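Hi there,

Here is the structure I promised to pass on to you. Have a look at it first, and then read my notes below.

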Amino acid sequence: KVAMSMVHQFGRQLPRPVQVWVLDTVPGDVWCEAGDHPRDTITFARTIPMPIATRRALVDALTGAGFTTEGAQWMTTNLTPAPGAANGALTWTFDLAGIVDMYQSYEATDLWPMLETQPNGLKVDFVRAERSAFVWTAADVARMEELGARVHFLPDASHWVHIDNPDGLMEILAPSFGVFDHHA
């Protein structure tokens, strides 16, 4: 949504042709029916005392609270050695309060107006993960396509498309790496 917001701020004309790839999110309300909702993950992460002894302890805490093993394992990539902690204890690599603010902003941001008033020279493509926790309604997908965006389906992937199916993602993205035709 950050790239879409930046494009929207330019108004009707971009300084040069722009290709925006939106990975596993929709332009408006984001909500989940299943899986690890980011809001729930963030809320629970705030209850975990830091530093934590091991990455395994984080996985155990998250899966014990009902989060998926895949999501819990991904969360361990956000750990770093805690400054001054003994025995290799770990802490978050990020400011969790800042993450809360950023995610609230993400959820509140409605970028349908950007698609409805696209500036000249813009191409927008969405990648929808097969196992996305986000709800992609048929009406939303049809609306995106009616507004000129393309929606690509990425099999064998959940929200972390670049981790779950990097080859499939590259196959979808690769055609855009060539010369950009701003008249198309």
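Y106 counts as buried because its relative accessible area is 18%, and buried means under 20%, with exposed over 50% and partly exposed in between (1.4 Å probe, protein chains only). Y103 is buried too, at 11%. Both tyrosines lie in helix α5 (residues 96–108), 3 residues apart, or about one turn of the helix; helices here are DSSP runs of H or I with at least four residues, strands are runs of E with at least two, and both are numbered from the N terminus.

Please keep in mind that this is a predicted model, where local features need pLDDT of at least 70 and side-chain atom pairs count only at pLDDT 80 or more, while totals for chains, interfaces and linings use all residues. Residues are numbered from 1 along each chain as its sequence is written, and side-chain values use heavy atoms, leaving out hydrogens and water.

Now for the rings. Rings of Phe, Tyr and Trp (its six-membered ring) pair if their centres lie within 6.5 Å; planes under 30 degrees apart count as stacked, over 60 as edge-to-face and the rest as tilted. The count comes to 4 aromatic pairs. One of them is W92 with F94, stacked because the centres are 5.3 Å apart and the planes at 15°. W92 is buried at 10%, whereas F94 is partly exposed at 23%. Y103 and Y106 make a tilted pair, with 5.3 Å centre to centre and 40° between the planes.

Enjoy exploring!
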